[in-house]
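This report describes how the two chains of a protein model are arranged and joined. Please examine the sequence and the structure before reading on.

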Number of protein chains: 2
Amino acid sequence: MQKSDTPVPYQTLLSRSREIALLNTAASTLGWDQDTYMPVKAEPYRADHLAYLRTWSHRLATVPEIDDLLKACEDYGFPHESKEGANVREWRRDYNRRVKLPPQLVEDFERTSSLARAAWTVAREKSDFEIFREYLKKLVRLARDKAEYWGYDECMYDALLAEFEPGMRTAEVRQLFAELRPVIANISQSAIGNTSGLSRESLRGKYPISAQQAFNTKVAEAIGFNFEAGRVDMTAHPFSTSLGPQDCRLTTRYNELDFTVSLYALLHEAGHGLYEQGLPSEDYGTPTGEPASLGIHESQSRLWENKVGRTIEFWEYWLPIARSYFPDLQRFSPEMVAAALNHISPSFIRLEADEVTYDLHIILRFELELRLIEGDLSVDDIPAAWNEEFQKLFGMVVPDDAHGCLQDVHWSLGSFGYFPTYTLGNLNSAQLFAKACQNCGDVYAKISEGDYTPLLVWLRKNVHAYGRRFLPQDLMQVATGESTQTRYQIDYLWKKVSRFLAPAGATY
Amino acid sequence: MQKSDTPVPYQTLLSRSREIALLNTAASTLGWDQDTYMPVKAEPYRADHLAYLRTWSHRLATVPEIDDLLKACEDYGFPHESKEGANVREWRRDYNRRVKLPPQLVEDFERTSSLARAAWTVAREKSDFEIFREYLKKLVRLARDKAEYWGYDECMYDALLAEFEPGMRTAEVRQLFAELRPVIANISQSAIGNTSGLSRESLRGKYPISAQQAFNTKVAEAIGFNFEAGRVDMTAHPFSTSLGPQDCRLTTRYNELDFTVSLYALLHEAGHGLYEQGLPSEDYGTPTGEPASLGIHESQSRLWENKVGRTIEFWEYWLPIARSYFPDLQRFSPEMVAAALNHISPSFIRLEADEVTYDLHIILRFELELRLIEGDLSVDDIPAAWNEEFQKLFGMVVPDDAHGCLQDVHWSLGSFGYFPTYTLGNLNSAQLFAKACQNCGDVYAKISEGDYTPLLVWLRKNVHAYGRRFLPQDLMQVATGESTQTRYQIDYLWKKVSRFLAPAGATY
């Protein structure tokens, strides 16, 4: 069905939706600049510019007329499976969520989270939870208020989770995490002290930043990132953002002693970027031109970072090339590089976690924030609960709150319901990768030849091209034949760990 | 008078004006990104984003309610000399100019200039005026239409000039240029073949870009550019832009064989930047927080680039430092560097002109575009008229239109009335610099010590702090006691040329 054949209310919604997207994209451009190049003294003015654009976008998106237009489209009854049907469904969900919140609550939330983030920064620096406590209390209260306004069937947390992973229920997340938790413990138990002994630190050497930039660019290009429709810049905390359908901005950070920091940050962000570059440009400004959810987005970044980037096959192809950029890599084989990159070593800090124990960090956070939102845990008890749970999961005693409950920014932003999407991303990435391997011949053989085309083509067709056409779990069904499962990730981790178990007496 | 004491209509206008400024600043940020970092494929989408923001800004600025608010403020009668009086005067002028143009004309103009610019790019590449001719005809017609709608007392060109240099009349420009033209001819006549013989090319050597960046930053900081409220990036065609009151973005371009390309582009842009950084931040979003005119803006860039940056005193301080970045400068003395930088050599291309013959390029353009607008010259006759006039002014035969009437972008944008502001900038810079020298002790001695504080403080106080409080010629009165004159620039050029006249038989 062509746009011009659709009824007028649908066409009006299309143009409204694009107008809102233009504003949001303008705000994203200002946000990108803020995080990359903006001089420090511009900060307060930039905050004004962003607030203005976002407020105006919110106003446009919540005018009552939208409701009338949506009703007309709903009465018209587009086929459920059509692009138009999907857009109407998603516009409706977005609209309802937005108008259900009283403007005063939205404003309170924004102001509180802005103050809370500043307090959190100081609290983390000083490792002093007191500084952050009252802000966190207020944010939990406001998040619960939001959940009440949004409404829910089973539990409050459902309403918050839906912001990041539409259609997913808390009970489903609990079930997945309950399956995962004991297996990860087993895997890491059998691996620790039993692998090659090569740690990530063993790769340290001299890696000039300009050489890292040149090598990373080659790798990003090879996996399919289009530098005519995107670029890479430097930041303290790597992220990616889209400033339009042909404009994906990645960022990374550099460590002159460790080229893997920038390379794996970039592979991760380029995974996000490939998804953005694979969304249908012609649908820009409408739901079908947007990513499905955080859990789907993260599946793409994790797939390229881990499922592809940490394999021996990846390094079979890249190590000879990498050596021409980094002479310090002469003494390593592809197996050694991969072993070092997959070394399992439990850490206090989530961002330093290995691929196996990473999800334990998420499970911890999910369980705590779930109890917070459901009223089963008070903010006052967070540090103690964190430390107790951490010891159960990792067998290590948290030295201070900076290495414990104060390490992540998410709660200070009031983003309760965000954390689980990281693990959903890991599960989805394993499941999608397994399906791609099943459908595209020997993907690993291709990886060892530096050929990522079959894999990318498969992802383009089965994930990227759909945008928000399906709810995330329906998209998983369409792409892999089932909703998100744990067994693909579990299989993957077991195989990976056994591959790197050191034969007795082996030394590198 | 504090804001809260002012009448409600004034306060409403203040908040409208700031809202419009927020939008314009957002557009500037997108524009800066477009010219520095944006990937190529984003171009069409970015054009949409910019058009949307600008259209919306225009709409806000032209709602009839503004007229009512302005009338209320005019009836209230702020003192003529007050900040409020100035804001009302400037708001009124902006509003009247905007609403006088029919929306259809504005749209026609934007579309035509967009197409014309593309055609001009090709025409210049191929040196084929034919490709550009019909677009230029249409732009001249539309510019004349604009002038009719805006209205004028003496001649049509007045109405266009007012867009860039408010309050200035064409007759005044003619008078100034008539005084200048014969003197420049004399000066360059007496200089050619009579100076040291050191050309700018004699400074060629090996100048790594990273060394240029480091040295340029040192220089820009020394003259007072605040890198906490601004930055420098790379572009093909250097420009500067402000993305808010504490966010001035400069750009420059690099030539590894010639460090002076980036340094003088940066000094020029930093001059603009110092003006922007000196505007009163608290007045952001109102006329008194904005630059007075292009002719005043250009006076600041030319002052730092030429009046300061091309002196022997400047190099007395900087050459020893520059040598540590650029070993190839060992064989030069400060006198030699300054002589090379001030070498007079007539060129076909304005952007390659030396400081003396530069204004002849402007006089040529002004005279031609004045005749075009007044209907005394047809677009068809432009190439012939250009070449004839050029030969009269420079005594050289233009080889082709790429080196003649097709070299500049301005006409393709429909910016008739812009060119004279370059020469006004030169005249103003000489006049302001002379006054500063009179008021601040020995400015040249300070320059030879690398101390620019007295000069900058004087400019801050007498030019920057006023914003658009005065019309440009009134500002010149306030700062120097008289309107723009030619004699300061003429004195300056004579002195400079005689300083570099080579003593008989001198060799370096």
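## Confidence of the model

Over residues 504–508 of chain A, pLDDT stays under 50. For this stretch the model has three contacts beyond four places in sequence. The structure is a predicted model, and pLDDT is the predictor's confidence in each residue, on a scale from 0 to 100. For chain A the mean pLDDT is 94, and 97% of the residues of chain A reach 70 or more.

Two further scores accompany the prediction. The ipTM is 0.91 and the pTM is 0.92.

## Relation between the two chains

Chain B is superposed on chain A by a rotation of 180°, with 0.0 Å of shift along the axis. The RMSD of this superposition is 0.0 Å. The two copies are therefore related as by a two-fold rotation axis. Both copies use the same surface, since 100% of the contact residues of chain B recur in chain A.

## The interface

How many residues of each chain are in contact with the other chain? The contact involves 36 residues of chain B and 36 residues of chain A. About 3,000 Å² of area is buried between the two chains, and carbon and sulfur atoms give 67% of that area.

Polar and charged interactions also occur between the chains. There are 14 residue pairs in polar contact between chain B and chain A, with both residues at pLDDT 80 or more. The count of salt bridges between chain B and chain A is four. A salt bridge joins Arg46(A) to Asp247(B), where the closest N and O atoms are 3.3 Å apart.

On the side of chain B that touches chain A, the elements giving two or more residues are helix H1 (8–36), helix H2 (43–61) and strand E1 (230–234) of chain B. H1(B) gives the most, with nine residues. By residue class, this side of chain B comprises 20 nonpolar, seven polar and nine charged residues.

## Salt bridges in the whole structure

Over all chains, the structure holds 74 salt bridges. One of them is formed by the side chains of Asp380(B) and Lys137(B), at 3.0 Å from N to O. Asp380(B) lies in the loop between helix H14 (358–374) and helix H15 (382–394) of chain B, whereas Lys137(B) lies in helix H6 (residues 129–150) of chain B, so the pair ties together parts that are 243 residues apart in sequence.

How values were computed
Residues numbered from 1 in each chain as written. Chains lettered and ligands numbered in written order. Heavy atoms only, no water. Contact = heavy atoms within 4.5 Å. Buried area = accessible area lost by both parts, 1.4 Å probe. Polar contact = N/O pair within 3.5 Å; in protein donor to acceptor, adjacent residues only side chain to side chain. Helix = DSSP H or I, 4+ residues; strand = E, 2+ residues; numbered from the N terminus. Nonpolar A, V, L, I, M, F, W, Y, C, P; charged D, E, K, R; others polar. Least-squares fit on C-alpha atoms with pLDDT ≥ 70 in both.
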